[in-house]
Amino acid sequence: MKRTLVPLLLLAAGVAVPLAAQERAQVFRGATLIPVASAPIPNGILVVQGGKIVAVGGADTPVPADAEVHDVSGRTIMPGLVDTHSHIGGGDGGDQSAPLHPSVRILDTIDPRDDGILRARAGGVTTVNVMPGSGLLMSGQTAYLKLRDGNAIDDLLFCRDTLREICGGLKMANGTNPRGATPHPGTRGRAAAIIRDRFIKARDHRDRVRAAAGDPKKLPARDLELETLVEVLEGRRTVHFHTHRADDILTVLRLAQEFGFRVVLHHVSEGWKVADRIAAARVPASITVIDAPGGKLEAAEFSATTGMALERAGAEVGLHTDDGITDSRFFLRSAALAVRNGMSREGALRSVTLAGARILGMQDRIGSLERGKDADFVVLSGDPFSVYTHVEQTWIEGRKLFDRADPEQRKLAVGGYGVFRGGALHVHEGEEGHR
Amino acid sequence: MSRLASLAALAGVALSTPAAHAQLAVRGETVYTMAGAPIRDGVVLIRGGRIERVGPASQVPVPAGYRVLTARVVTPGLVDAHSVVGLAGLLGQPHDQDQLDRTDAIQPELRAVDAYNASDELVAWLRGHGVTTVHTGHGPGALASGQTMVVKTRGDDVGEALVDSATMVAFTLGPSVASNYRTPGTRARGVAMLRNEFLKAREYERKRRAGGQAPDLRMEALLDVLERRRPALVTAQRTTEILAALRLAREFGFKLVLDGAAEAYRVTDEIRRADVPVILHPTMVRTSGETENATLETAKILRDAGIVVALQSGFEGYVPKTRVVLFEAAVAAANGLGVENALRTVTIDAARVIGMERRVGSLEPGKDGDLALFDGDPFEYTTHVCAVVIEGQVVSETCR
């Protein structure tokens, strides 16, 4: 992500030199490292430079002579948290005019200065899949964000070109939320039929484009909606499917099989009933951990043991905040509650890091502390699953973007005093982390 | 307790007899009695539903014939100082939502006992997490939504669950009322309407004493508050509403319990001077609208200011359908309050605020045999509640 970092640093330094040459390496010494991709390392050393992880190892890991050294003894460092389902950023999605909105992009409506982003960082979250809501069968395109500082949404996106690249997934929903008066489905059967009909049309569009073989005279007219669905059919855009009840979960698996798309099951309140089926379909799940069942019919049989059931069945399990259903500041708590309800410690740590990265197709870049990956990590005061542990620092691509030791930023973690209305966020000119 | 006896008789339920309860001994590596320092390797003996003895195992031998339960940590059964459980049902559908009647913004005559569903699964959910006593009833959102009550989280009907049938009258100040009723449409009008209604209740009482005044349930309920027979539970989140509640209490001389109180940390002097306890919002309350200024540290700030604080599960309109005070106290503990003071907010201090301290909230001889048993620090996320005892009966033995 030198694209965003370079201009800022050059501005500060006032000279045009390459980033890596200009920036000193930073060494974090003495913490228990939880790389996730490998066993924890007591008294470890983490070296980052140029926004990337340069080295992860034990106390004897060699470090560059001119490095800036941070003593983090007694602390725990783990990868930045990956939240596969959130509603921070104040964006919206499709409207009631139609049940399917494949061309609607949430990235056109996200405020990169939304205080939800700051709140998420205070919880150790560094990557987020920001989604439109579940009130429609298909409410629009989601956006994968790195929670960097930025003035424009482009500064936070993983993609570099919003016109040529895929910058997120596609939100879909079944069950009761998307039901409504015409043109919305009134029944589950109709919901599935509406979806199938549109994907059949997308298949036809794809075939016509292929048949044209680049000949402008034969190409069908541009169609933003069908083009998005073709990306789904070709496995290039992931479907993020809101689904609670066991039968609705199986309907998603059936649709995914018919059209061959890459899908992630979201919420999955009754996943514990069909864990084997989910695992057999090799479909990952992104689950919400809440403090009590109910609140809606489909969550009546919610069980916090779904994480355990899916892990034991061999499915890929990620967790998410669904912020504001749960608060991003408490994302690690969700992982701890999954452990309370039978998930393994390793599985729970993975579920908020590497599993999330895999769910978003970004496991080569984020999700673990490994050489070459983005320098996204969290410094914790203690064990990740303890209620008494606080997120002390959140680093994104080698920059410290949350620091609990700063009294102003501490308010982001504890709340109050107008902090979530921008009241406590003073402007620190040129200061790292707050501009 | 005469109220309890008469209601139990009405419901056709026999009051508990000692014979109905097993003799139980609970031994814990740490026993938080909430009446003195925690006891290492402590024993609690329960007989006839009541606590018989509490002390170190070295001094309290377990008599023959007692069933013995052991745990790493033992606490009093938790007390949820304000909930809507039993009225706001699990499903969140119109047919199981009885916490707010929208026909009139002032209905203090509504009784929680007439709406409580003891079989709702959320009651069992709280019980499984160590909550044995709940102050529940009509929820926030009306100027006066109804009367609250205290139940144990047991029984198949309200008669079996009931501890106190009319505990407080629930009031709400703030913008949420305007979203539920045609009038009041503003916060100021809401206060004016309440003042007017209290004045009417005084006039009603004057006429009643003079003779010839027909009885009126609404006026009677307000008189209970004016004559300090039961406190006014006033939900007030913002500073303006908290100060308005204090002003009303001064004007009419009623006993006030502040509820919610998201911005209480900004007016601690005023609250302490009025000697008013606070049933604070759930620590993890969503920070939006009236609660946007909530902090995780408010319980600590209020306690440091000398204000009695209890925690609540509160009202949830969507997912999750209830909160659990064990979880809320845990977060307060980790945000400045500390373990023992956080325990107070869901045991003895909660019991005091709802007027039940003679029966519940601490482990002392003569009190109800209500206990929660844990396999570790009660507040750690990964600890489990492994047994729950209500009046000597083991009501849950699944680790949750």
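Two strands pair if DSSP finds at least two bridges between them, and strands (E, at least two residues) and helices (H or I, at least four) are DSSP runs numbered from the N terminus. The exercises concern a predicted model, in which local features need pLDDT of at least 70, side-chain atom pairs count only at pLDDT 80 or more, and totals for chains, interfaces and linings use all residues. Residues are numbered from 1 along each chain as its sequence is written, while chains are lettered from A and ligands numbered from 1 in the order in which they are written.

**Exercise 1. Describe the open sheet of 5 strands in chain A, and how E17(A) is joined to E18(A).**

Step 1. The strand order is E2-E6-E16-E17-E18, and the pairing is mixed.
Step 2. Strand E2 (32–33) and strand E18 (399–403) lie at the edges, each pairing on one side only.
Step 3. E17(A), residues 391–396, runs antiparallel to E18(A), and 4 bridges join them; A:Ile396 has A:Arg399 in E18(A) as its bridge partner.

**Exercise 2. Determine how helices H5 and H6 of chain B pack, and which residues meet.**

Step 1. Using axes fitted to C-alpha atoms over the stretch in contact, with angles from 0 to 180 degrees between N-to-C directions, H5(B) (residues 187–210) and H6(B) (residues 217–226) pack at about 95°, their axes 9 Å apart.
Step 2. The angle therefore makes H5(B) roughly perpendicular to H6(B), a term that covers 65 to 115 degrees.
Step 3. Contact requires C-beta atoms, placed from the backbone, to lie within 7 Å; among the residues of H5(B) that meet H6(B) are B:Phe198, B:Ala201 and B:Tyr204, and the H6(B) side includes B:Leu222 and B:Leu226.
Step 4. By class, this contact has 7 nonpolar, no polar and 4 charged residues, where Ala, Val, Leu, Ile, Met, Phe, Trp, Tyr, Cys and Pro count as nonpolar, Asp, Glu, Lys and Arg as charged, and the others, Gly among them, as polar.

**Exercise 3. Characterise the side of chain A that touches chain B.**

Step 1. In chain A, 30 residues are in contact with 34 residues of chain B.
Step 2. Helix H9 (residues 331–340) of chain A contributes the largest share of that side, 5 residues.
Step 3. The side of chain A comprises 17 nonpolar, 7 polar and 6 charged residues.

Notes:
Contact = placed C-beta atoms within 7 Å. Parallel < 35°, antiparallel > 145°, perpendicular 65-115°, else oblique.
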